[in-house]
Amino acid sequence: MRIKNFKARMANRDLMAGTFIKTPAYELIEVLATSDLDFVCIDMEHSPFDRGRADACLAIARALDFPVLVRVTHFSSETILQVLDMGAVGVVVPHIVNATQAADLVRLSHFGNGGRGFAGATRWAGYGQQTMAEVLAQSGRETVVIAQIEEPEALKNVESIAATDGIDGLFLGPSDMSVSMGYSNTNSHELLDALKLTGEAAKTAGKAYMTFVPNSAKAAEWAQYGPHMFFIGSEQGWMKVGANADAAGIHAIK
């Protein structure tokens with residue numbers, strides 16, 4: 001029931017931990033599905049995932065009932081359609097700066113006139129085991145749509161983006177936002193103001209709110225601004241941290 005309950009948990013603003021997957025290998029999904037993480041997010045925007053490798057990862061995720069989001073490469077009806085058909089529980093879409101874009105994103109993520117093309121024989125739909133009505137109901141019940149807020153222009157419209165019907169959550173990208181503001185780090189007061197503003201908009205609209213953090217210590221620090229879902233680093237980052245810690249221990253042996 002992890003996949004079926006994921007959208008409801010977001011709406012309830014449950015505290016959840018996830019990470020970005022940068023390496024296109026389905027074995028990583030298998031391993032992390034046995035962890036205490038609540039979800040992972042395949043990062044197609046910044047990693048070498050092609051359609052075939054994303055499909056393999058999402059096949060394993062569906063088989064293991066493990067919620068996997070996909071951050072798509074760009075705002076594209078083709079990309080959104082493909083990852084949802086493959087079995088993603090939802091999409092994270094970068095560079096959403098106004099409510100018009102947010103509404104278009106919702107339309108492309110759900111079935112309907114001008115929206116997601118209907119197919120009942122996909123992995124996500126159970127390969128034809130459901131009626132059309134059941135597939136449509138599943139879309140409304142389970143598909144997650146997350147708008148990424150990463151530019152100052154988006155902050156000006158964040159309340160209307162959050163209020164857009166069908167947007168399930170806001171993701172504040174701290175690095176992208178900082179760079180867009182002209183900074184070379186994520187320590188500015190302006191970023192903290194952006195975190196707070198976005199958190200207030202999400203809470204007022206009754207939407208989920210998430211951000212990226214390097215570790216749980218930063219999550220605890222930023223929780224005061226409202227995020228309850230945290231994308232904690234990546235599997236690559238965790239491998240390096242673990243490798244360096246044990247290497248340092250070995251090198252320190254006298």
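## Contact between α1 and α6

In this predicted model, I3, K4 and K7 of α1 meet S139, G140, R141 and E142 of α6, a contact being heavy atoms within 4.5 Å. By class, one nonpolar, two polar and four charged residues take part; Ala, Val, Leu, Ile, Met, Phe, Trp, Tyr, Cys and Pro count as nonpolar, Asp, Glu, Lys and Arg as charged, and the others, Gly among them, as polar.

The axes of α1 and α6 are 8 Å apart and form an angle of about 50°. The two helices are therefore oblique to each other, given that angles under 35 degrees count as roughly parallel, over 145 as roughly antiparallel, 65 to 115 as roughly perpendicular and the rest as oblique.

## Buried face of α6

V135, Q138, S139 and E142 of α6 are buried (under 20% relative accessible area; exposed is over 50%, partly exposed in between; 1.4 Å probe, protein chains only). Viewed down the helix axis, the buried residues of α6 fall within an arc of 105°, so they line one face. These residues pack against α1, α3 (51–63), α5 and β5 (144–149).

## Positive phi in two loops

R13, in the loop between α1 (2–11) and β1 (16–21), has phi near 60°. R13 counts as partly exposed because its relative accessibility is 26%.

Y127 has a positive phi of about 55° and sits in the loop between α5 (99–109) and α6 (132–142). At 53% relative accessibility, Y127 counts as exposed.

## Basis

Residues are numbered from 1 along each chain as its sequence is written, and side-chain values use heavy atoms, without hydrogens and water. Local features need pLDDT of at least 70 and side-chain atom pairs count only at pLDDT 80 or more, while totals for chains, interfaces and linings use all residues.

Definitions and conventions
Helices (H or I, at least four residues) and strands (E, at least two) are DSSP runs, numbered from the N terminus. The arc is that of the directions from the helix axis to the C-beta atoms. Axes are lines fitted to C-alpha atoms, for helices over the stretch in contact, and angles run from 0 to 180 degrees between N-to-C directions.
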